[in-house]
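The sequence and the structure come next.

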Amino acid sequence: MIPSSFDYVVPSTLDEAIAVLGEHDGEAKILSGGQSLIPMLKLRLAAPTVLVDINRIPGLDYIEERDGALHIGALARERDLEHSAVVRAKYSILYDTACVIADPLVRNTATVCGNVAHGDPGNDHPATMIALGASFVARGPNATRSIPAREFFQGLFTTVLAPDEIVTEIVVPAPPARSGGAYLKLERKVGDFATAAVAVQITLDAQNRCARAGIALTNVGSIPIAATAAESFLIDKPLDDGTIAQAAQLAADAADPFEDRRGTADYKRDVVRVLTARALRIAAARARGDVATTAGRA
Ligand SMILES: Cc1cc2nc3c(=O)[nH]c(=O)nc-3n(C[C@H](O)[C@H](O)[C@H](O)COP(=O)(O)OP(=O)(O)OC[C@H]3O[C@@H](n4cnc5c(N)ncnc54)[C@H](O)[C@@H]3O)c2cc1C
């Protein structure tokens, strides 16, 4: 199909982009990678009157560690995460996630910030950002605010962002020593959205008990789901088989999937259980220093 007509604006600064968004009262949309927005325009699932293309704004394509956190700028692409040395060395869950998003052509263009801003429960980064305790920096006409990933998603394709706010960067706290994470995704075929996927990020204490746990689920509800009961259950426990099995069941209980061509609700809940157990084992191995483990596609 052919999109409905729209104006196309190419600002050279963030302030200019925010001003254009503000002038159009929710009718303007940011265009970053275009890998979700352009298909939606073509299918007429979205019909903004103005596209605000932020790709020419300089200085937004960074991935850098500073002040105890990883900063991912609005124009950092999925492929930049895949190729970032610091991501591979210290944020293995982010690397796992970037590698299972769509295919290399999509990843060359799609931005990490666009992936979260889109509010699609099938997207892979939201759960990972929740597990990591990340925040999204949103800049509007009058202020800049930091929104915890856990508070960002409100409903299907709906976030707390105001129509004239731009996610300018994602901030991921640097994991303390003895931390590890894993993202595991079951998909029908390579390039598909998840049947279900699980993000796990943990920190172990000196006795190998769980000191912190972040667990979040992809595509088993209308928003990415933080498995809070499973997270709390793990605190101060050793990650033995019994504990892992109980946490995995609590994560499955938190899922709220609906039946579609990827499977029944019961099937997807069980996929969450199995993937959570596997991701916890991989995360624990990585936290103990076994970097040879692989995650990503289940
Ligand atoms: C064939 C195909 C397969 C895919 N498979 C997967 C997959 O398996 N997993 C997955 O996670 N994703 C998948 N995607 C989606 C892809 O990762 C998207 O690109 C991503 O979700 C959106 O990023 P983008 O930069 O392309 O955003 P765009 O398409 O440019 O924008 C998406 C939405 O977010 C808004 N937006 C974009 N950037 C910002 C910003 N900085 N601040 C505020 N709002 C913003 C836009 O206005 C728009 O509403 C797939 C896409 C395709 C085409």
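In this predicted model, the side chain of serine 32 places an N or O atom 2.9 Å from a nitrogen atom of the ligand.

| Residue (side chain) | Ligand atom | Distance |
|---|---|---|
| Serine 32 | nitrogen | 2.9 Å |

The protein buries 90% of the 960 Å² that the ligand exposes when taken alone. Around the ligand there are 27 residues, and those that come nearest are Ile30, Leu37, Thr111, Asn123 and Asp124. Sorted by class, this shell holds twelve nonpolar, eleven polar and four charged residues. At least two shell residues come from each of strand E2 (28–31), helix H7 (112–117) and strand E10 (166–173).

A second topic is the pairing of two helices. Helix H5 (residues 92–99) and helix H8 (residues 125–132) have axes that come within 10 Å of each other and cross at roughly 175°. Because angles over 145 degrees count as roughly antiparallel, H5 is roughly antiparallel to H8. On the H5 side the contact involves Ile93, Leu94, Thr97 and Ala98, which meet His125, Thr128, Met129, Ala131 and Leu132 of H8. The residues of this contact comprise six nonpolar and three polar ones, with no charged residue.

Definitions and conventions
Residues numbered from 1 in each chain as written. Predicted model: local features only at pLDDT ≥ 70, side-chain atom pairs only at ≥ 80, totals over all residues. Heavy atoms only, no water. Near = heavy atom within 4 Å. Polar contact = N/O pair within 3.5 Å; in protein donor to acceptor, adjacent residues only side chain to side chain. Areas by Shrake-Rupley, 256 points an atom, 1.4 Å probe, with all protein chains shown as cover. Helix = DSSP H or I, 4+ residues; strand = E, 2+ residues; numbered from the N terminus. Nonpolar A, V, L, I, M, F, W, Y, C, P; charged D, E, K, R; others polar. Axes fitted to C-alpha atoms, helices over the stretch in contact; angles between N-to-C directions. Parallel < 35°, antiparallel > 145°, perpendicular 65-115°, else oblique. Contact = heavy atoms within 4.5 Å.
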